[in-house]
Amino acid sequence: MTDYAVLNQAEDEIESVGRLSTLFPSVKFPASGPSEDWLIERNTYQVKTSIDYDANTERLVIVPPYIAGPGDVRSVQIEQLTFSEIKSRKLVALSVQFKQKRDSGVVVSGYLFSTTNDGHQELKALKERLDRVGGTQKAITRAGDMIEADATQATAIFTAVDDYIAACWSREYDLRVEINAATDVTELEAIDITSGWPVSEQPQ
């Protein structure tokens, strides 16, 4: 349900706040609600509970309704995060970026192989089995491709996946060092956590 605020004639003070049915109990509104003109004629405005803000450096705080400008009544305001909070959010964003990059997969010989933790362990098991028993092993990649690999091929696949994951680890480590070393917001904002990651090409 949405709250509305009724302002005084000068529209510089809030007289009352509530649901339309409470503010105008004798009026039966259509399902779509009253028109904007009807509301304006009665100095009535919807109370905004969300406004644009920078989630990296700010947060929204719920407050009593207030007049932010002509026809603009809000029950939230923007509060600046502390430097420590901004840094913590940057580190959380880095963790998310790392997982997205790590799990994006690696192409070997035209096939896309999983680079998730499970995919990594499955390929390691495939390599170890073929090293032990020889021959070939039929398998289905996490992308749905049917393959048959021998020990040499399994080693090449696992090595490519392992190297890719290791490169993601290294990039995350380097970025975390940069973030931890930052001493102000300007330095934090200059750190691009989306660049410098290993490339995960998709099959043609």
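Modeller: The protein chain has a radius of gyration of 29 Å, whereas a compact globule of 204 residues would come out near 17 Å. Keep in mind that this is a predicted model. Along the principal axes, the C-alpha atoms fill a box of roughly 85 × 45 × 25 Å. Of the 204 residues, 32% are buried. If you take the contacts with a separation of 6 or more, 56% of them are between residues 24 or more positions apart.

Now to the charges. The protein chain carries 20 positive and 32 negative side chains, and the centres of these two sets sit 8 Å apart. The structure holds 9 salt bridges, and a few are worth a visit.

One of them is between D3 and R19, where the closest N and O atoms are 2.2 Å apart. D3 comes in the segment before β1 (4-7), while R19 is in the loop between β2 (14-18) and α1 (20-23), so this pair ties together parts that are 16 residues apart in sequence. How covered are the two partners? D3 has 29% relative accessibility, so it counts as partly exposed. R19 gets the label partly exposed too, with 30%.

Next, have a look at R59, which turns up in two salt bridges, one with E79 and another with E85. With E79, the N to O distance is 2.9 Å. That pair links distant parts of the chain: R59 belongs to strand β4 (residues 58-69) and E79 to strand β5 (residues 72-80), 20 residues apart. E79 is partly exposed at 34% relative accessibility, and R59 is partly exposed at 24%.

The salt bridge from R59 to E85 spans 3.1 Å, N to O. Here the partner is in helix α3 (residues 83-102), so strand β4 and that helix are tied together across 26 residues of sequence. E85 is partly exposed as well, with a relative accessible area of 27%. Elsewhere, salt bridges that share partners join K48, D72 and R74 into one network.

To finish, here's a charged residue without a salt bridge. Look along helix α5 (residues 151-181) and you'll come to E172. Is E172 buried or exposed? E172 is buried, and yet it has no salt bridge. Which side chain of opposite charge is nearest to E172? That would be R176, 4.2 Å away.

Conventions: Residues are numbered from 1 along each chain as its sequence is written. This is a predicted model: local features need pLDDT of at least 70, side-chain atom pairs count only at pLDDT 80 or more; totals for chains, interfaces and linings use all residues. Side-chain values use heavy atoms; hydrogens and water are left out. The radius of gyration is taken over C-alpha atoms; the globule rule is 2.2 Å times the number of residues to the power 0.38. Buried means under 20% relative accessible area, exposed over 50%, partly exposed in between (1.4 Å probe, protein chains only). Contact means heavy atoms within 4.5 Å. Lys and Arg count as positive and Asp and Glu as negative; His and the chain ends are not counted. The place of a charge is taken as NZ of Lys, CZ of Arg, CG of Asp or CD of Glu. A salt bridge is a side-chain nitrogen of Lys or Arg within 4 Å of a carboxyl oxygen of Asp or Glu. Helices (H or I, at least four residues) and strands (E, at least two) are DSSP runs, numbered from the N terminus.
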